Amino acid sequence: MPQTTPKGLHRLAFGGDYNPEQWPEGVWQEDVRLMREAGVTLVSVGIFSWALLEPEPGRYDFDRLDRVLDLLHENGVRVDLGTPTVAPPAWFYRAHPEALPVTAEGVRFSYGSRGAICHSSAAYRAAATGITTQLARRYAGHPALALWHVHNEYGVPVSACYCDNCAAHFRRWLAGTYGSIHAVNEAWGTAFWGQRYGSYEEIDPPRATPTVGNPAHQLDYRRFTDATIRENFRTERDVLHALSPGVPVTTNFMTALSQCDSIDYWAWGREVDLVTNDHYLITDGRRTHVNLAMAADLTRSVAGGAPWLLLEHSTSGVNWQPRNPAKRPGEMARNSLAHVARGSEGAMFFQWRQSRRGAEKFHSAMVPHGGTDTRIWREVVALGADVEALAEIRGTRTVPDVAMVWDWHSWWAQSLEWRPTEAHDARERADSFYEALYDRHLTVDFAHPESDLSAHPLVVVPALYLTTEAAGRNLREYVENGGTLVVSYFSGIVDEHDAVHPGAHPGALREVLGLTVDEWSPLLDDQRVTVTGPDGAALTGDVWTEFVRPRGAETVWTYADGPAAGGPAVTRHRLGRGTAWYVSTRLDAASLDAILAAACEDAGVAPRAGLPRDVEVVRRAGDAGQRYVFVLNHSTEDAEVPLDGSGKELLHGGPADGGLTVPAGAVRVVRLES
């Protein structure tokens, strides 16, 4: 069984991507001195070093990397060693221009960036395996080695390639997946528009067409792309497992729905020894700390609830968004410790020293251009001390309250063309439902729709357009066995091949919800509807309405106006020992609270009283009975936070007896002792 924690690291991880090749060797001594000052325990090395390590085909130069790893070891810093396969050298592309990816429109990308890879290229796979093998042979026994880091951020900036190599590979994948061309035709519904195929050789990738292509074809190509990338990861991973046993292998995910939409992280989570993630705040006007919490919860869930590691985030602003504001004083620490609260075994950054050249020279770093006489550096040193003070939480797990169902395949399918309205976005629904649960101070686990849900008293389904029969049965059995389920509109509609389930909508979820939907009636941009509920309460919906016909469900909220005026808007169905709620219009996070309040009551999920908005309270617990409470005050006012017991505050010392004062913008962590 591979090791699942960084080898030889007995504290929480703190550090970042270290790129000494960008600097004269005289800077390296200053780097390690500053690393000691900041309390750095782990750095990522070599991720973009292929051209230096293999300057020409088959000739390797490890002298610089030898000196770097030796220097880090001498200064007590562990190493996350990258295989540099995200950035093949110029000589490789000169010899193999066919390894550059091709767009659906037939345009081949050029060399000069990163991640420009056709993952079906046999030449790429051979070259990547070669450099990985050389690294494993040389460094498997190096005393600094804690973790192997394959590639970098698979899926971005490009995942799918549409070249002829990919076409041939796709045909082989289809043959292995379906077994016959007849099965492909059946699954894809090629009788529509006369698209029947007589052989695999007639099938190409879903390249640009005059109008919308076959959605099942497009969906399978996304699956093929993800599987092909994952196959390349496994090839490198298996080399490392064979040549460097006992050292865990990972690759850095980007689980946030705001950052990567081409990777099925449920599948990838089963392939790595340690789940790691990169997260960057998206400054799109949303409450960025909510997106951060959601990404951390999703990463922990991909890890199966086990501890994971934040491998990259930023000390301050990034440089790739239209507008890149700096983080405010204290925000870096709150961001970092919010990830730790939700299961990360540390906080790592991109990068250690801010680059002077290249595309990311304005991206913040642990050591800014201004050096150590800067606010960022002082906050980095203070955070290093905080991370050290939390060493005892290693191995404990975040305690969830409720669960949310999410499926990347459903997201892929719903995102295809010609849906009832382009305004309905699966990510938006997930964000809104998560925000509503966050504002009820509930910690969320994410779950695959076919996974065991029995441990969760409340399960929310924000968007599950693609629902397999197995998922439908799973959700029904969950409710029958006593669970409380909340389902949003346009869920249960199609099967795994994007074929509409037989009969009335919502297809696979009719039985559990106790209703049918006669018709959808999406709203225009400026249209709103009012729904009224118990005691005359009114909420406003937009984007979507439905003509709902209860078939066992009771109407709780009613459309007061709009296309479905007088009809059910929100229903409740008692089934077996549980309850299923259905929300047939788009409500924002604040309005969803009214529905979730009722669902929480059904589920026996008690509200957390006395907690202000934007004050985050998360628990971690250990197998030996340890209990920790993280309180993160994202607001601009001091907060009084009740505690379930008394204990010791770990970051600043002192007792915490039944309650805690948390200053505006601050973080407190309490070890509960009673």
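Helices on a sheet and against each other

Modeller: Helix α3 (residues 63-74) lies across β1 (13-18), β2 and β3, and runs at about 175° to β2. Helix α11 (residues 331-341) also packs on the sheet, where it touches β8 (308-312) and β9 (344-349), its direction making about 145° with that of β9. This is a predicted model, in which local features need pLDDT of at least 70, side-chain atom pairs count only at pLDDT 80 or more, and totals for chains, interfaces and linings use all residues. Residues are numbered from 1 along each chain as its sequence is written, and side-chain values use heavy atoms, leaving out hydrogens and water.

Colleague: What makes a run of residues a helix or a strand?

Modeller: DSSP runs: H or I over at least four residues for helices, E over at least two for strands, numbered from the N terminus.

Colleague: How do you know that β2 and β3 pair?

Modeller: Pairing requires at least two DSSP bridges between two strands. Strands β2 (residues 42-45) and β3 (residues 78-83) have 4 bridges, in the parallel sense. Val45 has Leu81 in β3 as its bridge partner.

Colleague: How do the axes of α6 and α8 cross?

Modeller: Axes are fitted to C-alpha atoms, for helices over the stretch in contact (heavy atoms within 4.5 Å), with angles from 0 to 180 degrees between N-to-C directions. Those of α6 (residues 164-178) and α8 (residues 215-243) come within 10 Å and cross at roughly 100°. Therefore α6 is roughly perpendicular to α8; that class covers 65 to 115 degrees, with under 35 roughly parallel, over 145 roughly antiparallel and the rest oblique.
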